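User: I would like a close look at one part of this model, namely its pockets and what lines them.

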Amino acid sequence: SWYVANTEAYQDATTWDDSWRSKTFIFICWIYAANASTGKIGINDGVTSTYSEYHAGNSVWTWFSVTKTLAANATRLRVLLTSATAYAAYFDDCSLSSPVVGAIKAKADFNDALYIGYGQMLCKQNAGGTGFDMVSCFPASITNLEPFSDSRLYIALGLSDIYWYMSTAEAFTESTATVNK
């Protein structure tokens, strides 16, 4: 684990490629914090930074993700581990990737909206019905979406990955069920 307190730690991509400009990247990481508003992650492109929400501070390892489309004039790709307080946040099992985009593998009507699984991305039809906005990105490709009567949308990531579920407020939870192989 990486310990960070009252600072922002970062790692730059070891090389820069201009073809990354205007591309989308996803940074995922587990965060542990005992104090609210202590740990968050981010991506900086030399122009602006985009951050996840802060950890709840409930002394539980929690999975976070942040997605950023780099600016057309981006000069770097930097991942950020942030603790904005004197309290410690711990970061572990971090990964940076560009989302895998493929054919639409799943769709579901949920909470009066159309959601689609598009590679690793969960997208929601915009209010005008003219396109889709990304809601979240997952560590593996989405294979199925299933709304249930418990007001959750279940998100399957194949047979070898843990499934996720989303509330009507678009809050995500990773299942604690055991994967049977």
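What volume does the second largest pocket have, and which residues line the second largest pocket?

Analyst: The model is a predicted one. In it, the second largest pocket has a volume of about 180 Å³. Its lining consists of I28, W30, W63, D93, S95, P139, L157, D161, I162, W164 and E174. By class, this lining comprises seven nonpolar residues, one polar and three charged. Two strands, β2 and β6 (78–97), each contribute at least two residues to the lining of the second largest pocket.

The largest pocket has a volume of about 580 Å³. It is lined by 22 residues, and those closest to its centre are E53, W63, F64, W164 and F172. Two or more residues of the largest pocket's lining come from each of β5 (62–69), β10 (132–137) and β14 (172–174); β5 gives the most, with six residues. The lining of the largest pocket divides into 12 nonpolar, seven polar and three charged residues.

Turning to the cores, the largest nonpolar core has 22 residues, and Y115, L122, I142, L145 and I155 have the most contacts inside it. The elements giving two or more residues to this core include β2 (24–33), β12 (152–156) and β13 (164–167). Apart from this core lies another, of 17 residues, with F25, F27, I41 and V79 among them.

Definitions and conventions
Residues numbered from 1 in each chain as written. Predicted model: local features only at pLDDT ≥ 70, side-chain atom pairs only at ≥ 80, totals over all residues. Heavy atoms only, no water. Core = buried A, V, L, I, M, F, W, Y, C linked by side-chain atoms within 4.5 Å. Buried < 20%, exposed > 50% of the residue type's maximum accessible area, 1.4 Å probe, protein only. Helix = DSSP H or I, 4+ residues; strand = E, 2+ residues; numbered from the N terminus. 1 Å grid on protein atoms, 1.4 Å probe; cavity = no way out; pocket = protein on both sides within 12 Å on 5 of 7 lines; lining within 4 Å. Points joined across faces, edges and corners; volume = space filled by probe spheres on them. Nonpolar A, V, L, I, M, F, W, Y, C, P; charged D, E, K, R; others polar.
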